[in-house]
Amino acid sequence: MHKGLMWKLQAFRNLIGRPVVIHCGYEDRPGYHGMKMAADFHVAGHYDYWRQLEMLIGVGFKGIGWYPRWHHPGWHVDVREHLLIWRRDNGNYDYFVRML
């Protein structure tokens with residue numbers, strides 16, 4: 001796992017003060033998961049999703065995706081170089097911030 005990803009996940013967990021349940025940290029295919037630079041997770045229990053987003057940005061994640069249709073709605077985060085925030089709903093991607 002990429003050290004920056006690990007430290008940012010831990011910083012987020014410290015801020016939120018709740019268990020963070022990792023769904024995926026590595027996939028054997030091209031992309032950020034394949035490079036060990038991404039994780040998919042949800043926060044245990046109910047918590048304000050906008051506040052979670054604010055915390056994810058605050059700890060330094062650059063790639064942040066919200067997936068409300070997962071069994072446990074959750075996040076994709078990665079340590080790419082440029083900021084990109086999106087939501088995937090019903091197979092469609094809505095991009096909210098794209099700074100290249």
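Are Asp78 and Arg80 buried or exposed? Both are buried, where buried is under 20% relative accessible area, exposed is over 50% and partly exposed lies in between (1.4 Å probe, protein chains only). Their side chains also meet in a salt bridge, at 2.8 Å from N to O; that term needs a side-chain nitrogen of Lys or Arg within 4 Å of a carboxyl oxygen of Asp or Glu.

Quick caveats, folks. This is a predicted model, so local features need pLDDT of at least 70 and side-chain atom pairs pLDDT 80 or more, while totals for chains, interfaces and linings use all residues. Residues are numbered from 1 along each chain as its sequence is written, and side-chain values use heavy atoms, leaving out hydrogens and water.

OK, back to the charges. The salt-bridge count comes to six. One of them joins Asp89 and Arg69, 2.5 Å from N to O. That pair links distant parts of the chain, 20 residues apart: Asp89 sits in strand 5 (residues 84–89), and Arg69 in the loop between strand 3 (63–67) and strand 4 (74–78). Strands here are DSSP E runs of at least two residues, and helices are H or I runs of at least four, numbered from the N terminus.

How do those two ends compare for exposure? Asp89 is buried at 14% relative accessible area, whereas Arg69 is exposed at 58%.

Then there's Arg87 with Asp94, closest N and O atoms 3.5 Å apart. Arg87 is partly exposed at 29%, and Asp94 is partly exposed at 32%.
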